[in-house]
Structure formats: C-alpha cells, structure tokens
Amino acid sequence: TLYFTGKGSSEKLQKNCREREREESSKIRSAMACLADPLRFSDTADHEPKEAVPSRSIMTLLQSPIMRTQYPYVTGTSVLGIKYRDGVLIAADCGGAYGSTLRYKSVERLKPIGKCTGIGASGELSDFQQILIYLDELILNDKMWDDGNTLGPKEVHSYLCRLLYQRRNKFDPLWNTLILGGIKNGEKYLGVVSMIGVHYEDNHVATGFGNHLALPIFRDQWREGMTLVEGIELLEKCLKVLLCRDRSATNKIQICKITEEGVSISKPYALHTDWNFEAFKNPTRGADGSW
C-alpha cells in the first residue's frame with residue numbers, strides 16, 4: 001500500500017489508480033480472448049502459434065468442474081415423526097442456526113406435498129427450498145395427466161431417494177435428511193431419506209439429535225393405535241428433551257397432521273417449559289471454585 005503526503009499526493013494517487021485500472025482491463029480483455037479462442041494461445045516461449053496447441057492454463061480452466069458450496073450454512077435441527085390411529089404426525093421446531101448461532105426463530109420446515117403427503121427437513125434450508133421446487137414440478141407433472149390418480153407418499157419417497165442419491169453421486173449433495181409421511185387408500189406410510197440416499201420406513205422416526213434423544217423415548221412409550229392427543233403429547237415431550245439438550249433447538253414448534261382428509265400444519269406455538277427448579281435459580285451453589 002502506497003501513502004502520499006503533500007500537495008501532489010492526490011495527483012500521484014489518481015495516476016496510480018488509472019494505471020492499475022488499465023492493467024486490470026488489459027488482463028480481462030486477454031482472458032476473454034483466450035476463452036473465445038483458446039487454440040490461438042500456447043505456452044511456448046516465443047508465443048508464436050506454430051501449432052494449434054491450447055494453453056495448459058486455459059484448458060485447465062475450461063475442463064474444471066463447476067464448484068458449488070459443499071458445506072451447510074443455515075441449518076435446521078431435528079424432525080420427529082410417528083404413526084397414530086388415524087394417520088401420521090410430523091413435528092419440528094422453527095429454528096434456523098447460522099453455524100452455532102440460533103439466527104432465525106420463525107423458519108417453517110414442514111410442508112404439504114400434494115393431497116396426502118407431508119414432509120419435514122433437517123439440514124441446509126436453502127437445499128430444502130430447492131427440493132420443494134423439484135417436488136412442485138413433480139406434482140404439477142402428475143396433475144397434467146388428469147387421469148384421476150395422484151402420487152402417494154410411497155411414490156414421493158421413492159423419488160426423493162433417487163434424487164438425493166443422484167446428487168450424492170455428482171459430489172454435489174442436497175444437505176438434508178428428510179422425513180416423509182402420508183396416508184393413501186387407508187395405508188399409513190412414514191419414511192426417512194438421508195443426504196446420501198440412505199432410506200427406510202418405520203412406525204416412528206427421527207433425524208439429527210432426535211436419533212439419539214427421541215428414539216429411546218419412542219421405543220419406550222409409543223404404541224399402536226395412539227390417539228391424536230396422545231401422539232401430540234409424546235412429540236412435545238421429545239421436543240422438550242431436545243430443547244434442553246440441543247443448542248440449535250428452540251421452543252417454538254409446528255406439528256403436521258396427515259389423515260385421509262388431507263394435510264394440515266399447525267401454526268407455530270411455544271412449548272410450555274418450567275425453569276423454576278432450585279438448580280436453575282442458583283446454579284453455582286455448592287460448586288467449589290466457581291465464578
């Protein structure tokens with residue numbers, strides 16, 4: 001960096017800036033010319049195009065793959081799903097974490113797909129938005145046939161498995177783990193697909209920290225034929241555990257209900273929590289050497 005003082009400082013600075021601009025413009029024009037006709041340029045010492053040999057640097061640029069972001073930035077945490085007597089319930093909180101910071105607290109990660117399917121996503125939120133675009137195109141294509149049939153949850157789940165596995169093979173994954181549930185012709189369906197295409201179905205599923213903290217509760221307390229109220233209470237209990245243990249979780253949640261009548265998603269509401277325990281009131285009592 002150059003610093004000038006005195007009367008002529010501004011003139012010298014302006015001259016310097018003009019020279020730099022001319023150099024940059026010249027480099028840009030040369031690069032554009034190389035891209036337009038790379039065979040005119042070679043890496044020979046005299047720079048004479050004796051043979052139609054493209055420059056190694058230009059060929060490297062032309063052959064290099066398209067680089068995309070390979071790391072998630074704004075992410076959502078756990079999603080939970082269970083079957084109950086009349087259909088399927090999927091629950092998730094409304095948090096969006098920027099790294100370790102809970103930056104957004106009103107992100108809706110549950111969406112309806114068609115008439116009888118609901119989806120919830122953990123992971124990169126922008127990738128989830130792209131998946132929703134793909135699914136909108138899929139549902140629209142299906143409607144255009146106008147044959148009286150609609151895609152059910154099993155078909156949508158199969159499509160997502162192929163989509164995520166194909167993107168994984170391109171080394172450009174969609175950074176999400178998805179829970180997909182629905183009911184069609186009286187058959188309840190609940191499945192999971194990961195960012196690399198691993199998929200399975202079960203009576204109760206979870207993603208993220210829910211795999212470690214919610215699944216043990218499901219295995220202990222879930223039963224066949226649970227009512228809607230019992231199912232919601234079980235999901236809220238698991239979400240409270242996640243709120244206490246997961247730094248990216250928030251107390252504002254949504255629940256998606258899928259039945260034969262269709263898909264309905266609740267408005268975000270806050271979990272009831274109790275912070276009046278003695279350990280919370282004076283956390284340093286009895287701790288030697290505490291601050």
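1. A residue is called buried when its relative accessible area is under 20%, exposed when that area is over 50%, and partly exposed in between, using a 1.4 Å probe and protein chains only. R167 is buried, with a relative accessible area of 13%.

2. The model is predicted: local features need pLDDT of at least 70 and side-chain atom pairs count only at pLDDT 80 or more, while totals for chains, interfaces and linings use all residues. Numbering starts from 1 along each chain as its sequence is written, and side-chain values use heavy atoms, with hydrogens and water left out.

3. R167 belongs to helix α4 (residues 153–169); helices (H or I, at least four residues) and strands (E, at least two) are DSSP runs numbered from the N terminus. Leaving aside residues up to four places away in sequence, R167 touches Y134, D172, P173 and L174, where contact means heavy atoms within 4.5 Å. The side chains of R167 and Y134 are also joined by a polar contact of 3.4 Å. Such a contact is a pair of N or O atoms within 3.5 Å; within protein, one must be able to donate a hydrogen and the other to accept it, and residues adjacent in sequence count only if both atoms are side-chain atoms.

4. A nonpolar core is a set of buried Ala, Val, Leu, Ile, Met, Phe, Trp, Tyr and Cys residues joined through side-chain atoms within 4.5 Å. The largest one has 20 residues, and L80, I82, F218, L234, L235, C238 and L239 have the most contacts inside it. Two or more residues come from each of β2 (79–84), β3 (87–93), α6 (215–221), α7 and β12 (252–259). Helix α7 gives the most, with five residues. A second, separate core of 17 residues includes I119, L135, C161 and L164.

5. Which residues does L235 touch, not counting residues up to four places away in sequence? They are L80, I82, L89, A91 and F218.

6. On a 1 Å grid over the protein atoms alone, a pocket is an open set of points with protein on both sides within 12 Å along at least five of seven lines, a cavity is a set where a 1.4 Å probe fits but cannot get out, and lining residues have an atom within 4 Å of a point. The largest pocket is lined by 26 residues, of which T75, G76, T77, G123 and G208 lie nearest its centre. Strand β7 gives the most to this lining, with three residues.

7. The largest cavity is lined by T77, S78, D93, L239, L242, L243, A249 and T250. Helix α7 (residues 228–245) supplies the largest share of that lining, three residues.
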